[in-house]
Amino acid sequence: MKKTSGNTALPLLILLTVKVLTSQQLQWFSDVNGENSGHTVCAFLNLPAHPVTLARGISSDPGALPTLSIPDHTAITALSDRYRFGFSHLEWLMGLRKETLAALFPVLDVGTFGGFAQLYTPGTITNARDIDEHPSDPSYLEYQIGATYARGFFDNVVSAGCAVAFIESRIEEVTGRSVAGSINLRYAPVPLLATEIGVSSLGKPMMYSTDTPEPLPARIGWTITYKPVPSGHSLRRWFDPDIGIGVSKIADEPLTAGISTEIATGPYVRIRTGYEYTKGVSPSAHGISAGAGIRWESFTLDGAWRYLSPEFGPVWAVALTHEREELKKRTAEDYYVIAEKHYRKQRPALSRLNAKRALRLDPNMWKAHALLQRIKSDFLRSKRREIALIYTGNAQGNFTVPLEEGVPGGFARQAGVITALRSEFPFSVAIETGNMLTSDMQPLRSSFAGSYLEYIGYDAVGCGSGEFLFGLRKLSTIGNGNLRYICSNATTSPDAIIRHRIIEREGYRFFVASWLSPSLLPPKERERVLGLEQSDLLNKAKNCNLRILIIHASWEELRTLAPALAGFDICICGDIDQRFASPMKLGTCTVLSAGSSGKYVGNLIIRFDENRAVTGMENRLYALDSRISPDTAISRKISVFSKNAELSRTPAGVKKSAKGTFVFTSDRDGKKDIFLKVTDQFAEFPLTGSIVDTCDNPVLSFPAGQIACRAIDGSCRRLMTMKVDGSDKRYIADSLAVRDASFSPDGRWIYYAAAPCGDTVTDIYRVKTEGGPSFPLIAWPDATETAPVFSPDGSSMIFRSDQDGTFQLYLTNSEGELPLRITDETANYYVPAFSPDGAMIAYLSDAMNFGGRCDLWLFEREGGTHRRITQRSDVKEFCWCADGRTIVYSMGAVTDELAAVDILSYRFRKLVPGGREKKTWNERAPQTMLIGKEEYIVYVRDYPEEEDRQIYRIKTDGTGNTRIVKSPGSDWFTMRPTP
């Protein structure tokens with residue numbers, strides 16, 4: 001069985017019960033005939049406290065009404081799962097009355113606390129006379145006020161409770177006082193069966209005005225309860241009986257035995273009856289009692305009646321109880337949160353207790369195990385007997401966060417992990433194994449690497465094959481020239497190279513050496529390094545607590561070197577791709593590896609004894625994924641480094657390719673600005689900044705190396721151009737109220753639609769990319785011309801115009817000569833786009849539709865035919881995929897979702913997979929983009945309720961859905977309107 005923190009309480013209660021019983025007059029309980037009558041006072045203590053006890057009988061009542069069953073059935077209150085309150089009234093013989101008020105307050109993981117009060121009064125006594133037969137008006141009152149506590153053990157298989165109460169008895173002018181207690185044990189081995197034993201009204205005898213002590217009416221009882229209908233049976237909802245039998249002995253009264261039952265008929269009604277037999281009294285129907293209860297929502301009304309005898313007549317009782325909502329049981333996660341809270345407040349004992357409770361509910365909760373280990377580690381760390389050996393390496397020049405979702409990496413994250421580990425461990429050693437540099441690394445990258453090493457402040461830096469081929473003498477130029485690389489087997493020793501390092505801290509000495517295998521170098525370079533001189537290195541490591549060797553070799557070679565590693569405690573691999581979540585063993589040497597590409601940070605926790613000898617090690621690898629908070633200082637450095645390194649290599653500022661580079665609009669700084677995203681870099685680069693108040697609708701031309709956008713100039717949105725690095729900003733001289741713009745495929749011209757300020761009737765103009773006058777291209781009177789779009793070869797242009805009353809599509813050449821209308825004026829047509837081979841034009845139209853909704857259509861240029869692709873799908877935007885047969889489009893009546901269609905087979909599929917939750921966003925503005933060697937769809941998630949927009953990308957097969965632009969504001973592409 002599961003252990004609990006309160007296991008010691010049960011035997012203590014049993015011992016206390018035995019002690020109390022031995023202190024009482026045991027002859028009362030051995031005298032089953034009750035012949036020692038007349039010895040006790042405060043008989044009200046053993047009268048029924050509520051209707052359930054009256055209906056079932058004191059002997060066989062199992063405490064079916066726990067609210068009012070205290071203190072006689074305290075153990076059952078441990079099962080209470082909600083706050084309960086109750087009041088009862090009992091009318092006994094000769095007008096005697098007993099009122100009981102009680103409340104229960106369960107506290108999770110602590111137990112159930114209760115409070116109660118009982119008042120016993122004589123009512124109106126008529127024809128009373130004293131000993132001299134004179135009329136009298138007797139005064140009589142007794143009461144008790146008490147508190148209870150109960151708790152369950154072994155998952156409530158056993159429960160125990162106790163109560164203590166103050167008692168006062170007033171008879172005429174005489175007053176007596178005492179303190180009474182009770183102890184109750186309950187055992188339920190199976191859900192259908194329970195047994196209970198209890199002793200109550202235990203206390204010192206009461207002293208009145210006489211010197212004779214008057215004992216309290218102690219009671220002992222034992223009951224067994226059986227429920228014949230299993231808990232999962234469908235019958236139990238409408239018919240749920242239980243049967244109780246029991247015996248009880250009250251002080252100097254005869255032994256009583258009883259049997260009773262309670263039947264729940266549906267959720268609202270309970271019927272009860274019982275029979276009690278008293279030893280020495282002939283059995284008769286006068287021992288039968290009955291009662292019922294009605295429940296409505298949180299209130300229950302109970303009543304009971306019993307006919308004692310023809311001489312005394314009936315007695316009755318009523319009670320009203322109320323219960324609050326069920327207390328929510330704590331989950332393993334709840335206990336863990338509590339344990340974490342106590343841990344943060346430096347309460348290790350309470351933290352340990354709640355962590356163990358979490359593990360009882362979920363033995364596989366790794367973080368609770370980790371918290372217990374942390375508590376243990378904190379003790380060891382405070383004694384300086386646990387240290388952190390932090391190791392990184394084999395980054396191979398990969399400094400920035402990878403684009404692929406779920407792929408770890410990035411030096412900003414690495415710095416965040418190292419900083420966090422150092423703050424967690426009072427004593428730590430950080431080692432960079434090497435291979436941060438490469439032989440062909442650009443000066444800007446190597447400069448950043450040096451700055452990073454100095455920023456982290458590694459205790460030791462190894463020299464890998466990357467640093468060796470970069471140039472040992474050039475290493476002195478890295479950073480501020482203060483870095484020292486360890487290469488124990490180099491034949492030359494320039495200023496930046498040292499043979500080993502001894503780290504002394506907190507009385508410990510750590511020896512660190514680094515060995516580079518000749519097999520990792522080109523043949524002509526191998527003579528510049530020596531073999532592994534084990535004895536020489538170990539001689540230098542004398543009197544050190546830990547001997548560490550950074551080794552650059554393949555795993556196969558490393559295994560052959562196992563004998564030479566004898567004597568070293570730890571070997572850190574700096575040149576293998578495989579990471580070791582669990583350390584390898586080569587002889588007695590522990591072998592570590594954080595893998596390649598800088599995706600992980602390793603932390604070897606080393607524990608020492610009082611003599612500073614190693615007693616144990618625990619290795620952890622931290623994946624540098626999105627859960628890691630990046631170091632802000634390194635993030636800024638990477639942003640500057642990336643922009644300078646990647647955007648300054650051509651006059652246009654970027655490679656002349658659309659691979660993974662795009663422009664977008666963001667309001668992250670409180671206004672609309674234009675940003676450039678290079679997807680294989682860590683950050684986005686602001687291009688407009690504080691130049692103008694608002695910029696939007698950017699378009700990018702790689703052949704031109706320029707960006708065009710709309711910018712506010714006075715009261716109009718004019719056309720602004722700039723280089724892709726944000727320099728050389730200028731307005732197009734004759735542009736006025738610009739609506740949209742595009743570049744010609746060769747990058748020589750900018751085509752835009754504009755109108756005079758305050759007017760919405762736009763014409764199409766063009767201007768040379770390098771500047772100059774604007775030329776009107778399409779300027780039809782009283783008509784709006786917009787959206788010039790070019791075929792991939794630049795020979796054809798399509799635009800739309802409403803000169804015929806509805807928006808039609810016109811096909812022309814780049815000079816705007818002889819426009820040919822290709823659509824029917826009975827409908828509207830929007831946002832045309834050429835296929836990748838230029839043979840087809842996709843567009844949106846409300847033809848054959850209602851309410852302005854649009855479907856996706858195709859125009860085949862060779863045959864001049866139109867065909868409808870979607871049916872009443874309410875399409876908003878779309879883009880062609882590179883295969884020339886797949887179109888991704890945004891559609892939907894309530895929320896817009898991305899879908900893909902094969903225009904040849906008419907196969908449709910939803911592109912962005914949905915989860916269990918309902919989508920609260922629109923998927924808009926899809927654009928195809930080549931990132932690396934794969935085609936992606938970059939799109940905008942629009943959250944209308946939050947007024948937020950975010951940029952995502954997803955592969956054309958529906959995988960790899962990832963947010964790629966992250967900022968505190970909204971980020972979006974141009975969304976072309978469809979009037």
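**Side-chain links and backbone spots**

Author: One disulfide is found when the whole structure is searched, a disulfide being a pair of cysteine sulfur atoms within 2.5 Å. The pair is Cys716 and Cys757, with sulfur atoms 1.1 Å apart. Cys716 sits in strand E35 (residues 716–723) and Cys757 in the loop between strand E38 (749–755) and strand E39 (763–768), so the bond ties together parts 41 residues apart in sequence. Helices (H or I, at least four residues) and strands (E, at least two) are DSSP runs numbered from the N terminus.

This is a predicted model, in which local features need pLDDT of at least 70 and side-chain atom pairs count only at pLDDT 80 or more, while totals for chains, interfaces and linings use all residues. Residues are numbered from 1 along each chain as its sequence is written, and side-chain values use heavy atoms, with hydrogens and water left out.

Cys716 is buried, at a relative accessible area of 6%, whereas Cys757 is partly exposed at 41%. Buried means under 20% relative accessible area, exposed over 50%, and partly exposed in between (1.4 Å probe, protein chains only). Cys573 is in no disulfide; the nearest cysteine sulfur is that of Cys571, 4.9 Å away. Cys573 is itself buried, with a relative accessible area of 6%.

Next come the charged pairs. Side chains of opposite charge can pair when their charged atoms come close. The structure holds 49 salt bridges, each a side-chain nitrogen of Lys or Arg within 4 Å of a carboxyl oxygen of Asp or Glu. One of them joins Glu323 to Arg295, with the closest N and O atoms 2.6 Å apart. This pair links distant parts of the chain, since Glu323 is in strand E16 (residues 313–323) and Arg295 in strand E14 (residues 288–296), 28 residues apart. Glu323 is buried at 12% relative accessibility, and Arg295 is partly exposed at 27%.

Another salt bridge runs between Arg381 and Glu424, whose closest N and O atoms are 3.6 Å apart. Arg381 lies in helix H6 (residues 366–382) and Glu424 in helix H7, so this pair ties together parts that are 43 residues apart in sequence. Arg381 is buried, at 3% relative accessibility; Glu424 is partly exposed, at 30%. Both residues belong to one network, in which salt bridges that share partners join Asp378, Arg381, Glu386, Glu424, Arg607, Glu618 and Arg620. Glu923 and Lys919 also form a salt bridge, with their closest N and O atoms 2.7 Å apart, and both residues are buried.

The backbone spots remain. Ile70 and Pro71 are joined by a cis peptide bond with omega of about 5°. Pro71 is in the loop between helix H3 (51–56) and strand E1 (84–91). Asn394, although not a glycine, has a positive phi of about 60°. Asn394 is placed in the loop between strand E17 (386–392) and helix H7 (411–424), and is buried at 2% relative accessibility. Tyr906 is not a glycine either and has a positive phi of about 60°. The loop holding Tyr906 runs between strand E51 (897–902) and strand E52 (907–910), and Tyr906 is partly exposed, with 34% relative accessibility.
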